[in-house]
Amino acid sequence: WVVDSMNEKVQELYGADIKESLNLVFDVGDIVTTGGVLSQYRREYFEPLQSVSPYVPTMVSIGNHEGEAQNYYDYMKYEELDGAEGERYFSFRIGRVLFISINSNHQLRNDTQIEWLDGVLQEAQDDETIEWIFAFCQHPGHSELWPDGNTAYVQDRVIPLLNTYSKVDMLTYGHSHNYERGAVQEGNLRLMLNGGAGSALDRWRMYSNQEDYPEIHNAYDYYCYSIVDIDIEAKSLTSTSYSLGHLDKPMDNVAFDYFIRNKAKQSPPDSPELVSPENQASQKPPFFL
């Protein structure tokens, strides 16, 4: 349902041939329930993705449900992109955009990965051919709807490091089954929790310890996805999130949240003079979260 809705929206905005209009799908993990169960990969990942995956590259940052299982690494082949500990984390480029997949599973919460990440970021910061950096992983630093999923390694080590580099635009993660968006309180880094893609949602009032974190600006208990559209020449980025609602309130692929970053003008991401996503001129190519 979510993947088919993404496909429909891209065709509506950019044209029927998604091979021409869509560069990339990136996924923040938990693509199966249990990584050691081989049969789940077909039923829970490959079949639901089949309206998009034959035409568009899909990159996954491993989740805790995959559990570092060999099945996952047999299917997801990232050796040519690998980091300091093999393909468990990696980076790659599309044009002037660098993507960094961080492994936030407990087995890889170590100094080695942080040192590798710092090195990749420093190299990209010094590279004039790279203008945009996006990082993605499974675990949030903070989640308002499901604080039990908060991860100190991401909050205290990954986020501050990413925020050190001005080219880094956004860290995207999942783990909690909902949508949240915000930004670090000082710096350029945007934060997005995009976990509403399949499993039962974490809902408001479901847990007694739900929090109001200052860096999280919007939080919705929706099934959802996001499209990021970068205009290289204008040095601007638009991220638009689309909702399918939830079982109590279904929504029909509705744009419900967005932010814009203009590096040329350095205008605020939610500045009132910016045009809403519904009225933007269609540009290509975007990518999914």
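This is a predicted model: local features need pLDDT of at least 70, side-chain atom pairs count only at pLDDT 80 or more; totals for chains, interfaces and linings use all residues.

Reader: Where does Leu38 lie?

Author: Leu38 is in a loop, the one between β1 (24–27) and α3 (39–46).

Reader: Is Leu38 exposed, partly exposed or buried?

Author: Exposed means over 50% relative accessible area, and buried means under 20%. Leu38 has 48% relative accessibility, so Leu38 counts as partly exposed.

Reader: How does Gln40 read by that rule, buried or exposed?

Author: Gln40 is placed in helix α3. Its relative accessible area is 10%, so Gln40 is buried. With residues up to four places away in sequence not counted, Gln40 touches Val32, Thr33, Thr34 and Tyr45.

Reader: What about nonpolar side chains away from the surface?

Author: In soluble globular proteins, nonpolar side chains tend to be buried together. Here the largest nonpolar core has 49 residues, and Ile31, Tyr72, Phe99 and Phe134 are those with the most contacts inside it.

Reader: Which strand gives the largest share of this core?

Author: Strand β10 (residues 223–231) does, with six residues. There is also a second, separate core of 31 residues, with Ile102, Leu108, Ala124 and Cys137 among them.

Reader: Which residues is Tyr72 in contact with, leaving aside neighbours within four places in sequence?

Author: Tyr72 is in contact with Ile31, Tyr41, Val60, Ser61, Ile62, Glu66 and Tyr78. One of these, Ile31, is also listed with Tyr72 among the core residues with the most contacts.

Note on methods:
Residues are numbered from 1 along each chain as its sequence is written. Side-chain values use heavy atoms; hydrogens and water are left out. Helices (H or I, at least four residues) and strands (E, at least two) are DSSP runs, numbered from the N terminus. Buried means under 20% relative accessible area, exposed over 50%, partly exposed in between (1.4 Å probe, protein chains only). A nonpolar core is a set of buried Ala, Val, Leu, Ile, Met, Phe, Trp, Tyr and Cys residues joined through side-chain atoms within 4.5 Å. Contact means heavy atoms within 4.5 Å.
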